[in-house]
Amino acid sequence: MTINWEPEIGDPTLVGWFTVVAYFVTAILCHRAAITANVKSIDIRTAANLEQYFWLAATITLVALGINKQLDLQSLFTEIAREIAKLQGWYGDRQRYQLMFIKGLGLVAIAIGIAMLWFLRKTAASVKLALLGFSFLGVFVITRAASFHHVDQFLGREAFGWRWNWILELSGIGTIAIACVAYLRKAKARY
């Protein structure tokens with residue numbers, strides 16, 4: 001089994017580094033939102049507690065995505081899957097398995113999204129806006145995971161001088177950041 005992956009900077013471009021900074025700045029905003037959540041009860045089902053847990057989970061997720069942006073760990077996963085497919089003899093039929101993987105990942109993402117909407121139904125609108133931002137990121141991650149040639153071609157195309165993968169990823173991060181700022185402003189107005 002030969003893995004052709006080395007830990008190196010995955011996207012050394014200016015936009016790549018900007019995206020990493022955006023992940024980390026937004027993670028800091030999420031952490032501030034978690035600290036700001038007005039938790040007065042130990043009951044996990046209260047809106048404030050759910051908001052705090054959501055913002056903490058968002059913080060961890062964004063830090064992980066920011067690290068992954070430059071370590072390119074999904075490429076390692078792809079290399080491992082490719083080698084397993086070759087060893088087990090189904091590499092020639094890989095597109096069928098890729099499609100099954102993407103469909104499964106999409107169904108899991110939809111189920112998680114629906115569950116999150118239900119659990120967070122009593123929370124602030126800004127929490128739901130952040131969830132929309134994570135949906136953008138989910139679409140981006142699933143699209144990147146597809147690694148079909150035509151999908152990669154689409155992500156490399158430009159609209160208004162920006163590649164589609166930048167637009168999808170930064171839209172998600174930006175939406176989450178806007179949600180955090182709205183949440184923090186509302187919390188500040190309460191005090």
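Modeller: F24, V63, I67, L71 and L73 form a nonpolar surface patch, with about 350 Å² of accessible area together. Patch residues have over 30% relative accessible area and no salt bridge, and nonpolar side chains are joined within 5 Å. This is a predicted model: local features need pLDDT of at least 70, side-chain atom pairs count only at pLDDT 80 or more, and totals for chains, interfaces and linings use all residues. Residues are numbered from 1 along each chain, and side-chain values use heavy atoms, leaving out hydrogens and water.

Biologist: Which helix gives the most to the nonpolar patch?

Modeller: Helix 2, residues 47–71, with three residues. Helices are DSSP runs (H or I, at least four residues), numbered from the N terminus. L73 sits in helix 3, residues 73–88.

Biologist: Switching to aromatics. How many aromatic pairs are there?

Modeller: Six in the whole structure. Rings pair if their centres lie within 6.5 Å; planes under 30 degrees apart are stacked, over 60 edge-to-face, the rest tilted. W55 and Y183 make a tilted pair, 5.3 Å centre to centre, with 55° between the planes. W55 is in helix 2 and Y183 in helix 7 (residues 164–190), 128 residues apart.

Biologist: Are W55 and Y183 buried or exposed?

Modeller: Both are buried. Buried means under 20% relative accessible area, exposed over 50%, partly exposed in between (1.4 Å probe, protein chains only).

Notes. Patches are made of residues with over 30% relative accessible area and no salt bridge: like charges are joined within 9 Å, nonpolar side chains (Val, Leu, Ile, Met, Phe, Trp, Tyr) within 5 Å. Accessible areas come from the Shrake-Rupley method with a 1.4 Å probe; for residues, only the protein chains shown count as cover. A salt bridge is a side-chain nitrogen of Lys or Arg within 4 Å of a carboxyl oxygen of Asp or Glu. Helices (H or I, at least four residues) and strands (E, at least two) are DSSP runs, numbered from the N terminus.
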